[in-house]
Amino acid sequence: MANLKTKYMGFELKNPIIIGACNLVTNTDNLKKMEEKGAAAVVYKTLFEEQVNLENLEMYELRTEYEERNAEMTTLFPNSKTDSQDPHEHLMNLRKAKEAVSIPVLASLNAIVDDTWVEYAKMIEQTGVDGIELNFYTLPEKTEEGNDEIEKKQVKILRDVKAAVKIPVSVKLSPFYTNPLRIISDLDRAKADGLVLFNRLFQPDINTQTERHVFPYNLSSSDDHRLPLRFAGLLYGNVNASVCTNSGILNGHDVIKMLLAGADSVEVVSALYRNGIDVIATMIKDLEDWMDSKGYDTIDSFRGKLSRKNTASELPYHRAQYLDFMMGTSEILKKYKAIR
């Protein structure tokens with residue numbers, strides 16, 4: 001039987017399938033079932049500093065709404081704590097998640113203030129989790145904010161967090177950089193233990209009937225794996241950090257593609273929402289069966305086989321536009337009835 005073990009962020013996983021940060025992992029029964037079905041590790045739901053601040057503001061407004069309505073009444077909640085950015089509840093749940101399963105549990109963190117990244121990372125480490133995933137993204141809202149400013153800040157945050165904690169630290173990135181390979185290289189030199197490609201960001205939509213913004217659930221489709229696959233293939237053999245791909249990984253053959261490109265592991269979320277937690281076992285079985293059919297004993301015996309480093313033709317990683325000879329245009333047009 002094939003050996004599915006792989007390494008990620010310095011520790012050994014029983015297989016390449018990691019559950020990405022999502023609401024499903026906040027339920028202890030779900031966590032236990034994920035482990036039972038074969039998940040190799042779990043990333044707990046992201047701790048957002050922005051959300052902590054919002055909850056503090058709501059609590060402050062609730063507590064001060066009726067203050068000083070008369071001389072005797074100065075507060076409705078005299079024994080409550082002062083307002084502070086305290087992620088206590090999240091940390092408590094994170095600790096429970098770690099205690100519920102024996103597989104590695106990683107924390108996901110997104111902060112706003114530079115110092116908070118370090119402060120929260122230290123608090124997270126105390127829960128006993130196995131590692132931290134820094135959730136980096138920047139929305140392009142200001143034309144005057146330069147790419148160098150954003151990237152240097154993110155590299156500094158990684159360095160500061162790495163210096164403050166002893167557990168492994170990975171970085172989850174969006175693809176929206178002028179040159180993703182440059183920022184990835186900078187983060188690799190800053191000693192990132194893992195690189196997760198890519199963060200699936202929320203995108204707004206509009207209902208034309210109500211003329212209002214709507215917020216559809218942002219599940220990925222299978223085609224979405226092509227971008228992380230490209231970068232896994234480009235990075236194989238060129239970075240020291242582990243590479244984990246994310247987005248559009250819905251079945252075992254999507255996992256196989258990522259490993260052939262050069263990824264060490266994958267993160268899955270949409271597959272669980274679409275097909276239930278049982279899909280983990282199906283994905284593992286697909287991987288095992290494929291390896292057995294090809295005669296591969298270990299993941300390393302084929303990982304990176306189709307990376308840029310090991311591919312004779314650079315065309316798959318060099319081109320980003322359609323080529324008639326590459327795509328077989330006439331056959332495609334006939335298939336979709338554009339020509340007869």
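Predicted model: local features only at pLDDT ≥ 70, side-chain atom pairs only at ≥ 80, totals over all residues.
Visitor: What should I know about the model and its numbering?

Guide: Residues count from 1 along each chain as its sequence is written. Local features need pLDDT of at least 70, side-chain atom pairs count only at pLDDT 80 or more, totals for chains, interfaces and linings use all residues, and side-chain values use heavy atoms, leaving out hydrogens and water.

Visitor: What makes β6 mostly covered?

Guide: Six of the six residues in β6 (residues 105-110) are buried, where buried means under 20% relative accessible area with a 1.4 Å probe, protein chains only. Val105, Ala107 and Leu109 point one way, Leu106, Ser108 and Asn110 the other way. In a regular strand the side chains alternate between the two faces of the sheet.

Visitor: Why are β6 and β7 called paired?

Guide: Strands pair if DSSP finds at least two bridges between them; β6 and β7 (residues 131-135) have four and are parallel, so they qualify. In β7, Leu134 is the bridge partner of Leu109. Strand β4 (residues 41-43) also pairs with β6 in the parallel sense, over two bridges.

Visitor: Why is the pair of Trp290 and Tyr296 called tilted?

Guide: Rings of Phe, Tyr and Trp (its six-membered ring) pair if their centres lie within 6.5 Å; planes under 30 degrees apart are stacked, over 60 edge-to-face, and the rest tilted. For Trp290 and Tyr296 the values are 5.5 Å and 35°, so the pair is tilted.

Visitor: What makes Trp290, Tyr296 and Phe302 a cluster?

Guide: Ring pairs link them: Tyr296 also pairs with Phe302, tilted, at 5.0 Å and 35°.

Conventions:
Buried < 20%, exposed > 50% of the residue type's maximum accessible area, 1.4 Å probe, protein only.
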